[in-house]
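Biologist: Before we discuss any label attached to this protein, I would like each one set against its cut-off. Could we go through them one at a time?

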Amino acid sequence: MTIGLLILNDVWEVPMVTGTNAWIEDELAGCRLADERLERRLSTLLDQMAGAMGDSIPLACQDWANTKAAYRFSPTTG
């Protein structure tokens with residue numbers, strides 16, 4: 001059976017999701033922070049950290065503004 005440019009058959013294939021944000025969106029789907037901006041920042045921070053797995057926060061964030069934002073996002077005691 002053909003629908004437009006698609007040919008349907010008995011084999012169901014799940015398209016592979018490209019991009020690192022797909023898993024981040026899945027993980028954060030039920031996460032509700034106090035402000036929508038914090039939710040966006042958390043998503044950005046996870047994307048940066050995932051792209052530089054094992055690196056320090058400054059190396060993962062790549063610039064001073066993003067590094068400061070990452071440290072501000074995580075509360076510290078002391």
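Modeller: A salt bridge here is a side-chain nitrogen of Lys or Arg within 4 Å of a carboxyl oxygen of Asp or Glu. The model is a predicted one, in which local features need pLDDT of at least 70 and side-chain atom pairs count only at pLDDT 80 or more, while totals for chains, interfaces and linings use all residues. Residues are numbered from 1 along each chain as its sequence is written, and side-chain values use heavy atoms, with hydrogens and water left out.

Biologist: What makes the meeting of Asp 35 and Arg 37 a salt bridge?

Modeller: Their side chains meet at 2.4 Å, N to O, and the cut-off is 4 Å, so the pair qualifies. The structure holds two salt bridges, and the side chains of Glu 36 and Arg 40 form one of them, at 3.1 Å, N to O. Glu 36 and Arg 40 both lie in helix α2, four residues apart, which is about one turn of the helix. In general, an α-helix has 3.6 residues a turn, so residues three or four places apart point the same way.

Biologist: Why are Arg 37 and Glu 36 called exposed, and what are Asp 35 and Arg 40 called?

Modeller: Buried means under 20% relative accessible area, exposed means over 50%, and partly exposed is in between, with a 1.4 Å probe and protein chains only. Arg 37, with 56%, is therefore exposed, and Glu 36, at 53%, also counts as exposed. Asp 35, at 23%, counts as partly exposed, and Arg 40, with 47%, is likewise partly exposed.

Biologist: How do you know what counts as a helix or a strand, and which pattern results?

Modeller: Helices (H or I, at least four residues) and strands (E, at least two) are DSSP runs, numbered from the N terminus. The protein chain comes to four helices and two strands, in the pattern β-β-α-α-α-α along the sequence. Of its 78 residues, 15% count as buried.

Biologist: How do you know that the span of α2 is close to what is expected?

Modeller: The expected span is 1.5 Å times one less than the number of residues. Helix α2, residues 36-51, has 16 residues and reaches 23 Å from its first C-alpha to its last, close to the 22 Å expected.

Biologist: What makes one face of α2 the buried one?

Modeller: The buried residues of α2 are Arg 41, Leu 42, Leu 45 and Gln 48. Seen down the axis of α2, these buried residues fall within an arc of 130°, so they line one face of the helix; the arc is that of the directions from the helix axis to the C-beta atoms. The face turned away from the buried side carries the exposed residues Glu 36 and Gly 51. On the buried side, the residues pack against α3 (57-61) and α4 (64-73).

Biologist: Which residues of α4 are buried, and what covers them?

Modeller: Thr 67, Ala 69 and Ala 70 are buried in α4. Seen down the axis of α4, they fall within an arc of 160°, so they line one face of that helix. What covers them includes α2 and α3, whereas the face turned away carries the exposed residues Trp 64, Ala 65 and Arg 72.

Biologist: Why is Arg 41 said to have no salt bridge, and which residues does Arg 41 contact?

Modeller: The nearest side chain of opposite charge to the buried Arg 41 is Asp 63, 7.4 Å away, and a salt bridge requires a distance within 4 Å, so none is assigned. The backbone oxygen of Asn 66 does lie 3.2 Å from a polar atom of the Arg 41 side chain. Contact means heavy atoms within 4.5 Å, and, leaving aside neighbours within four places in sequence, Arg 41 is in contact with Gln 48, Asn 66, Ala 69, Ala 70 and Phe 73.

Biologist: What is Ile 57 called by its accessible area, and which residues does Ile 57 touch?

Modeller: Ile 57, found in helix α3, has a relative accessible area of 27% and is partly exposed. Not counting residues up to four places away in sequence, Ile 57 touches Met 49, Thr 67, Ala 70 and Tyr 71.

Biologist: Why is Gln 62 called exposed, and where does Gln 62 lie?

Modeller: Gln 62 lies in the loop between α3 and α4, and its relative accessibility is 69%, so Gln 62 counts as exposed. Gln 62 also has a positive phi of about 75° although it is not a glycine.

Note on methods: Lys and Arg count as positive and Asp and Glu as negative; His and the chain ends are not counted. A polar contact is a pair of N or O atoms within 3.5 Å; within protein, one must be able to donate a hydrogen and the other to accept it, and residues adjacent in sequence count only if both atoms are side-chain atoms.
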